[in-house]
Amino acid sequence: MPDSTILVVAVPAPLRQGFDYLPPTGWEGPMPLPGCRVRVPFGRRQVVGMVVDVRAAATVERRRLRHVGTVLDSEPVLAGRDLDLLRWAAGYYHHPLGEVVAAALPATLRQGAVAQAGGETRWRLTAVGRAQSAGSLTRAPRQAAVHAFLIDSGNSGAGSAVLAELGGDWRGALRALARRGWVETFTATSEHYGEVLALTPRHALNPAQQVAVEAIGAVDGFTPFLLDGVTGSGKTEVYLHAIEQAVADGRQALLLVPEIGLTPQLLARIGGHFGKRPAVLHSGLADGERLTAWLAARDGRADVVVGTRSAVFVPLARPGLIIVDEEHDPSFKQQDGFRYHARDVAVVRARAEGVPVVLGSATPSLESLHNANRDRYRCLRLPGRAGDAEIPVVELVDLRSRPLQAGLSATLLEAVEQELAGGHQVLIYLNRRGFATTLICHDCGWIAGCRRCDARMTLHQARARLCCHHCGSELRPERRCPDCGGEALNPLGQGTERLEGVLAERFAAAGLVRIDRDTTRRRGSLDAKLEAVHDGRARLLVGTQMLAKGHHFPGVTLVGVVNADAGLFGTDFRAAERVAQQIIQVTGRAGRAQHPGRVLVQTHHPEHPLLQALVREGYHAFVREALEERRLAGLPPWSHLALLRAEAVREEVPLAFLDAAAKALPAGQTDGIEVLGPVPAPMARRGGRQRAQLLLQATKRERLQRLLSVWVTALEKLPEARRVRWSLDIDPIELF
Ligand code: ADP
Ligand code: ZN
Ligand code: ZN
């Protein structure tokens, strides 16, 4: 009997429970299965949720329940193991399932559009339509909205499923635009995954690559691999061959890359290897494109799926292999809302699907190396460079009591001069954008701090602004010191903008390019700069970690790391690991045949044991030292962390919540779990809010998980919880 049924629906709301609904009034169709979307009344709103369970109702509760408004799917949009993965993630990260579902679905599906692939009729702007400015439609707001929408969806256009988001009479507006000749219809070929592309010639694999590819191909079922290969050792080539084996077996492969790693070059390389386009999933896509790619993955039309973080949740019809490239990259961890780690989810998913998973990096995370050391992961090594390039030599430059020019030592400047004179390229790395770290008053020592954060404001000289990189506040710098009225306000510390000024003046003929977030905001500007480097017009590169990832600069024979010290004494226990990874990654951009090149790392602490290990013996020696330090301190990967954060405008409020939270820890379940805090966060004020945290440190993951399940429910009921914003971060990568 249909009306004795209750549908448990996960709705996108910050509540860790499913909500019970009755089927739509007068519903006679088959009951929607778990994984079907429904529109339901929730409070005063209508929201799109997902059925996650169907059960029999007791008569009493039925009277109090509301009805589902609309059933949106006749078939689940995702089901089986794909839905189970979301359930697992909601459980492990102690995050509401409805929000997990929302994070995993393409925007159009989240909003309730039909789950229908391209191959559909779509609309796009004609050349005339594209040339129109938004202002020309001010008298026809609905047409203006459709026009703006179609500008955003570009050449791939938008179908009715997507346009319906605009609401109202969007069809009428489209017809009006078509009459003006601004809009045309076409049939989208979602099947372009089958389109045949020209193949690029292949390298013969070297023996180490061969061993790796065969090892991955030989396993049947879940096996985690760590592909540990220096930069340029041919890891990507190994991925492509491993993917090929999976595809030849009739399976799909999922390749996850860091945000910055999904370059046109990588996509071209995949296309050239397989003669087919991969399905691509990342946040920069138009909604329609994203839906088409997602459905092509789910329905098995695309053999190869490439994506950033959230693609780890994409359903696959016939999964065969999961690869995580640059697995150490922090962009795999979502830092707000649903705080999951895509690499960790990938491993759990591979186990559930019974497929191999490959984590690749030149600088694997301490977590993954620890797992390899304990034989939980099978380690595959690529020890040398694939081509004939050689790995450069790293040297430390002792900065103590040397004269510096904008933070650059004479040793480094002379080396730059020499390489440029030899016709080579040089890369100067500094992971701090802006002109100077801050402004300081020479008369009284006043420092330009942010009014809303416990942080200094960075000086951006070209824009004449002081900016806070934490909350986004901006000010015009004062002419006089606000404390003493003095006029000697001086920039303190270096950013890439300042380096650019000094270097461009001294090496005027080198064609300097600066690559950081400030110089690459406009679409296409990064590609234009990279182009100038590749064709040799630019021979001096200055930049932040945007340079340290994913790019090969074969002409670079000298890398200068301006400052290694920040990581040695950072407040976060992962600071040293990050700096070591950055140094090795940026080092990997240099070196070629006949000219291995040099890397100069400037530091005030040349004796520091971690730095010594890194330059003398390399990344793995550094890791041995760092793992030992972590072991002594009981830090991950030797322990497991959960961080409860709270913030509010008034200082005492978050601490009061955390005190209550600490008291609410279930008695008798805290064995083997250390409770640290509550304490103010390392940056106690950010964006005008006071922040505090409570850290749980456990030797056993299962124990921590068991405690958290009970605790989270208790936290939601605390009266103090209503006065703060709080969040729980499982396996946090920053204790900020
Ligand atoms: P990684 O992903 O480890 O940085 P890539 O796979 O991008 O390495 O390879 C680095 C360079 O070496 C690329 O230009 C690639 O075309 C080339 N390469 C890879 N494998 C081989 C091989 N077996 N023989 C010759 N060149 C290779
Ligand atoms: Zn002053
Ligand atoms: Zn700020």
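The questions and answers below cover the ligand site, salt bridges and cysteines of a predicted model.

Local features need pLDDT of at least 70 and side-chain atom pairs count only at pLDDT 80 or more, while totals for chains, interfaces and linings use all residues. Residues are numbered from 1 along each chain as its sequence is written, chains are lettered from A and ligands numbered from 1 in the order in which they are written, and side-chain values use heavy atoms, with hydrogens and water left out.

User: How many residues surround ligand 1?
Analyst: A residue is near a molecule if one of its heavy atoms lies within 4 Å of it. The closest are Ala204, Gln209, Lys235, Thr236 and Arg269. By class, the shell has 4 nonpolar, 8 polar and 3 charged residues. Ala, Val, Leu, Ile, Met, Phe, Trp, Tyr, Cys and Pro count as nonpolar, Asp, Glu, Lys and Arg as charged, and the others, Gly among them, as polar. The number surrounding ligand 1 is 15 residues.

User: Which helix gives the largest share of the shell around ligand 1?
Analyst: Helices (H or I, at least four residues) and strands (E, at least two) are DSSP runs, numbered from the N terminus. The largest share is 3 residues. Their source spans residues 235–248 and is helix H10.

User: What share of the area of ligand 1 does the protein bury?
Analyst: For Lys235, a backbone N or O atom lies 2.8 Å from a ligand 1 oxygen. Taken alone, ligand 1 exposes 560 Å² (Shrake-Rupley method, 1.4 Å probe). The protein buries 76% of that.

User: How many residues apart in sequence are the parts that Asp518 and Arg433 tie together?
Analyst: Their side chains meet in a salt bridge at 3.0 Å, N to O (a side-chain nitrogen of Lys or Arg within 4 Å of a carboxyl oxygen of Asp or Glu). Asp518 lies in the loop between strand S25 (512–515) and helix H17 (525–534). Arg433 lies in the loop between strand S19 (425–429) and strand S20 (438–441), so the pair ties together parts that are apart in sequence by 85 residues.

User: Is Arg433 buried or exposed?
Analyst: Buried means under 20% relative accessible area, exposed over 50%, partly exposed in between (1.4 Å probe, protein chains only). Arg433 has 15% relative accessibility, so the residue counts as buried.

User: Which residue meets Asp518 in a salt bridge at 2.6 Å?
Analyst: This distance runs N to O between the two side chains. The partner is Arg521.

User: How many residues apart are Arg685 and Asp454?
Analyst: Their side chains form a salt bridge at 3.5 Å, N to O. Arg685 is partly exposed at 21%, and Asp454 is partly exposed at 41%. Arg685 sits in strand S30 (residues 673–686), and Asp454 in the loop between S20 and strand S21 (458–460). The pair links distant parts of the chain, 231 residues apart.

User: How many salt bridges does the whole structure have?
Analyst: One network links Arg81, Asp82, Arg349 and Glu353. A search of the whole structure finds 41 salt bridges.

User: How many disulfides does the structure hold?
Analyst: A disulfide is a pair of cysteine sulfur atoms within 2.5 Å. Cys379 is partly exposed at 31%, and Cys484 is partly exposed at 39%. The number of disulfides is 0.

User: How far apart in space are Asp443 and Cys484?
Analyst: Asp443 is in the loop between S20 and S21 and counts as exposed at 52%. The two residues are 41 residues apart in sequence. From C-alpha to C-alpha, the separation in space is 7.7 Å.

How values were computed. Polar contact = N/O pair within 3.5 Å; in protein donor to acceptor, adjacent residues only side chain to side chain.
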